[in-house]
Amino acid sequence: MSDGEIAEELVRILQRPDGDKSLRPVHTIGISATGFFEPSQIARNFCAADHFCSDRSDVIMRFSNGSGAAQIHDGWSDVRGMAVRFRLSDGTDTDLISMSLPEFFAPTPEAFLDFAEMAKPKPYKGQTPWQKIAGLLQLILPLRGPYPGETISPDEGAMEFADQNAFAQLGVMQAAQIGAPTSYVRDAYHAVHTFIVIGQDGTKRWVRFSWQPVAGVLKTDPNETPVDDYLQQELRDRLADEPARFSLMMMIGEIGDDFNDSARPWPPHRKRIMMGTLTLDAIPENQDADCEKLSFNPGLLTDGIAMSDDPVLKIRVDAYQVSSKWRDGSPCPFSKR
């Protein structure tokens, strides 16, 4: 299959039976916010991109639940998303797309396609207490029980895939236990893929970005019955009272790190640079035009930042374009170039 065919097949497979084809196939439920980004004093020493060299860049972004379900289930354990668009001084944009999971599930487009196919939600079968005990004796974590009203399992197929593919085990296990944040601004978000930043002197560095909440990470109590709908209202109430802030951290890769496999984390002791602060201070009134119709893309970059050779990053660029077209989103940024 060509990259374009793989991208179209990915979008098709990722559509859940409880989703809505007029919305995104994953990260379906979301809310946008606006604010600004201010680079740190040393950011320009590492990257010549406009938003790291200007005093300030306006931002529009979208928080989201990772599920493709068209219903709001904020309290369910789920990966969350954070897509940020920087408005640059020359009138162009650049995007940084991240999620609350630190690594991806597959190292190649073909493996990603296989994962998406096997991980499609399935009806809950449930496990007996004896099956859970037998699994624990083999050091296998038991599958969680369904939430009230939950009829299909997002974990079972992914667990089966991880059993057969070691590269997926870390991401799948972390996703299955990730929990729910008390607020969209009380979670950390990771861009997952490697990018190349170019300094003003031409120096190239292979890096990975993450957003760290200034308020700190805080999850809900997993022993309490989850609430369906609270994250969007919590964000509205919070920003009406005071701004929320994130620090943009840049981890610098070293020789021996895998720059092209987002399923493999880098050692935690790698050098990190604080590249700037994102301040969110308002919620757009028109959430259809300024959220649901927005078309973000991980390949929308600017001078000073380039994609690595990560093949999954490249296929995601294509898949985002396909998704935007299928759901009648605003024109994909690449269509203007």
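Is F86 buried or exposed, and at what relative accessibility?

Modeller: One caution before the answer: this is a predicted model. F86 has a relative accessibility of 2%. The cut-off for buried is under 20%, so F86 counts as buried.

Now the partner. The structure holds 17 aromatic pairs. One of them joins F37 and F86. Their ring centres are 5.3 Å apart. The planes stand at 85°. Planes over 60 degrees apart count as edge-to-face, so the F37 and F86 pair is edge-to-face. F37 sits in strand β1, residues 30-39. F86 sits in strand β3, residues 80-87. That is a separation of 49 residues, and the pair links distant parts of the chain. F37 has 0% relative accessibility, so F37 is buried too.

F63 belongs to strand β2, residues 57-65, and F246 to strand β10, residues 244-252, so the pair ties together parts that are 183 residues apart in sequence. F63 is buried at 0% relative accessibility. F246 is buried as well, with a relative accessible area of 0%.

Other aromatic rings form a cluster. Ring pairs link F104, F105, F112, F115, F161 and F167. One of these, F112, leads on to a helix contact: F112 is among the α4 residues that meet α1.

Take that helix pair next. Helix α1 covers residues 3-14, and helix α4 covers residues 109-118. Their axes come within 9 Å and cross at roughly 20°. Angles under 35 degrees count as roughly parallel, so α1 and α4 are roughly parallel to each other. Their crossing is left-handed. From α1, the contact uses I6, E9, L10, I13 and L14. From α4, it uses P109, E110, F112, L113, A116 and E117. By class, that contact has eight nonpolar and three charged residues, with no polar ones.

A further helix pair is α6, residues 156-164, with α7, residues 169-176. These axes are 9 Å apart, and the packing angle is about 155°. Angles over 145 degrees count as roughly antiparallel, so α6 and α7 are roughly antiparallel to each other. The crossing of α6 and α7 is left-handed. α6 brings A158, M159, A162 and D163 to the contact. α7 brings Q169, V172, M173 and A176. By class, the contact of α6 with α7 has six nonpolar residues, one polar and one charged.

Last, two backbone details. Most residues other than glycine have a negative phi. H27 is not a glycine, yet its phi is positive, about 50°. H27 lies in the loop between α1 and β1. V192 also has a positive phi, near 70°. V192 is found in the loop between β7, residues 189-190, and β8, residues 195-198. V192 counts as buried, at 3% relative accessibility.

Back to the residue you asked about. F86 is buried at 2% relative accessibility, and its ring meets the ring of F37 edge-to-face.

Conventions: Residues numbered from 1 in each chain as written. Predicted model: local features only at pLDDT ≥ 70, side-chain atom pairs only at ≥ 80, totals over all residues. Heavy atoms only, no water. Axes fitted to C-alpha atoms, helices over the stretch in contact; angles between N-to-C directions. Helix = DSSP H or I, 4+ residues; strand = E, 2+ residues; numbered from the N terminus. Parallel < 35°, antiparallel > 145°, perpendicular 65-115°, else oblique. Left-handed = near helix turned anticlockwise from the far one by under 90°. Contact = heavy atoms within 4.5 Å. Nonpolar A, V, L, I, M, F, W, Y, C, P; charged D, E, K, R; others polar. Phe/Tyr/Trp six-rings, centres within 6.5 Å; stacked < 30°, edge-to-face > 60°. Buried < 20%, exposed > 50% of the residue type's maximum accessible area, 1.4 Å probe, protein only.
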